[in-house]
Amino acid sequence: MSLQKPAASAAATETQLITRAQRGDEEAFAALFEAHKRRVYSLCLRMLGNPTEAEDLTQEAFLQLFRKIATFRGESAFSTWLHRLAVNVVLMHLRKKGLNQISLDETENSQGEPIKRDYGDDDRRLVGSIDRIGLNRAISELPPGYRTVFILHDVEGYEHNEIAEIMNCSIGNSKSQLHKARLKLREWFQQHQIQFGRSSPARVAREPKEGE
Amino acid sequence: MAEVKQKQIENPGCREFEANLAAYLEGDASPDVRTHAKQCPSCSFILEDLESIRAVAKDLPLDEAPSPRVWSNIRATLAAEGLFREQKPFWRRWIAAASLVPRTAPAAALAFALLLAVIMVFKGDIQRNGSRQPVLTPSAASVVPVGLSGVQTNLVRTVQDMEANYKAHESSLDPSAKQVYEAGLTSLNNSIQECLDSLQKQPHNMLVREYLMQAYAQKAEILASAMEYGSR
């Protein structure tokens, strides 16, 4: 119960800020920017991997938002609206740069080398070595299409139907790209374990659990 | 070893596991995936790793913030496009800027130049009222933070002198004007306190130092304005 009050209060404050921004109140624009800048910038930075580009697109997303704020009627949450707008700004930028976002042909893997599954000696258990720092780095090295779907789904929490709509692809395609992205990330951790010699023995003996 | 590999690749259980893994991770009911992973170490590694990647991804922090130039550019563009139709009085805008975003370097330079100008006025005033003891309130603003450069320390001390002078003269101010100045000073003192608290935790955070010095510069302007108003 006590947790609901601040959330309700924050929402009320944001609604007031939006109303003030719609009247053209400079302070309200600044406060809305302050409240959402980290989330938008983090999204841009993860999707682009370049701080300067990420700042430019953060700026562009907020500018587009503020120019349209008079039309905001509250049908969806303000943060959802802003976030969707930021995603679109980034995707548009990537398209302009000619970076293929997603393979529309599921039978063909256009994101580079097919993902191989290693059996035997090279198979390693990574749980415990998958940390946030490593994952951030691994994401930045994913091919753009995989990266976009992975960030939208696993990091930002979009559903596949939403991703399909944003990316103009099928739901099945979004699911398939996500799975390949996760396998690619696993592959990255495997390669870096080998490189830095952090890994446990090549194949960790798995103690049978009780009842197995 | 090659024989083991071949055995696993040809294992229909592994093939079925791979075929159903993506759907399983998406929440589609496929109990065979878990059952097979319990019997096959290689497949269990994959399942555990992918579940771990998914869990860590959900928890990636938002620890990045854009540089102040982003807001400066947005603000300048919106102002040029005329989107700021409702503007606060001058002092309120400065206070808002102090608590929200650092202003651009030219603006800070201007503030500092103005400050230097008013220091000259106040030095004279302080000297003329030399018998009057400064009345410093026990606020955050009376603390000189450690680790500041010589110029910054002088700025802080000068602002404190100005505040003492203001306190000595505040009774002569019109009550409604005094209320406005007090509100501005309280807001800036709060900003200064926040910066000091942050500096205690992060002594080398340059952004916090920049905020702090801007808050002091803005406080100097408010005090200068108050004294100018009081002398009319």
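**View 1. B:Val156 has its place in helix α8 (residues 150-169) of chain B.** Helices here are DSSP runs of H or I with at least four residues, strands are runs of E with at least two, and both are numbered from the N terminus. This is a predicted model, in which local features need pLDDT of at least 70 and side-chain atom pairs count only at pLDDT 80 or more, while totals for chains, interfaces and linings use all residues. Residues are numbered from 1 along each chain as its sequence is written, and chains are lettered from A and ligands numbered from 1 in the order in which they are written. Is B:Val156 buried or exposed? B:Val156 is buried, with 22 other C-beta atoms within 10 Å; the cut-offs are 20 or more for buried, 12 or fewer for exposed, and partly exposed in between, with C-beta atoms placed from the backbone. Look also for B:Ala217, which lies 61 residues from B:Val156 in sequence but 8.6 Å away in space, C-alpha to C-alpha.

**View 2. Chain A has eight helices and zero strands.** Its pattern along the sequence is α-α-α-α-α-α-α-α. Chain A has 212 residues, and 40% of them count as buried. Of the contacts in chain A between residues at least 6 apart in sequence, 67% join residues at least 24 apart; a contact means C-beta atoms, placed from the backbone, within 7 Å.

**View 3. Helix α3 (residues 51-68) of chain A meets helix α4 (residues 78-96) of chain A.** Their axes come within 9 Å and cross at roughly 130°. Axes are lines fitted to C-alpha atoms, for helices over the stretch in contact, and angles run from 0 to 180 degrees between N-to-C directions. That angle makes α3(A) oblique to α4(A): under 35 degrees counts as roughly parallel, over 145 as roughly antiparallel, 65 to 115 as roughly perpendicular, and the rest as oblique. The crossing of α3(A) and α4(A) is right-handed, the near helix being turned clockwise from the far one by less than a right angle. On the α3(A) side the contact is made by A:Leu57, A:Glu60, A:Ala61, A:Gln64 and A:Leu65, and on the α4(A) side by residues including A:Ala86, A:Val90 and A:His93. The residues of this contact divide into eight nonpolar, two polar and one charged, where Ala, Val, Leu, Ile, Met, Phe, Trp, Tyr, Cys and Pro count as nonpolar, Asp, Glu, Lys and Arg as charged, and the others, Gly among them, as polar.

**View 4. α2(A) and α3(A) have axes that come within 8 Å.** They cross at roughly 135°, and are therefore oblique to each other. This crossing is right-handed. Among the α2(A) residues that meet α3(A) are A:Phe33, A:Tyr41 and A:Cys44. The contact of α2(A) with α3(A) divides into 13 nonpolar, one polar and two charged residues.

**View 5. The largest nonpolar core holds 63 residues.** A nonpolar core is a set of buried Ala, Val, Leu, Ile, Met, Phe, Trp, Tyr and Cys residues joined through C-beta atoms within 7 Å. A:Cys44, A:Ala86, A:Val90 and A:Phe150 touch the most other members. Helix α2 (residues 26-48) of chain A gives the most to this core, with 13 residues. Beyond its neighbours within four places in sequence, A:Val90 is in contact with A:Cys44, A:Met47, A:Leu48 and A:Leu57.

Terms used:
Two residues are in contact if their C-beta atoms, placed from the backbone, lie within 7 Å.
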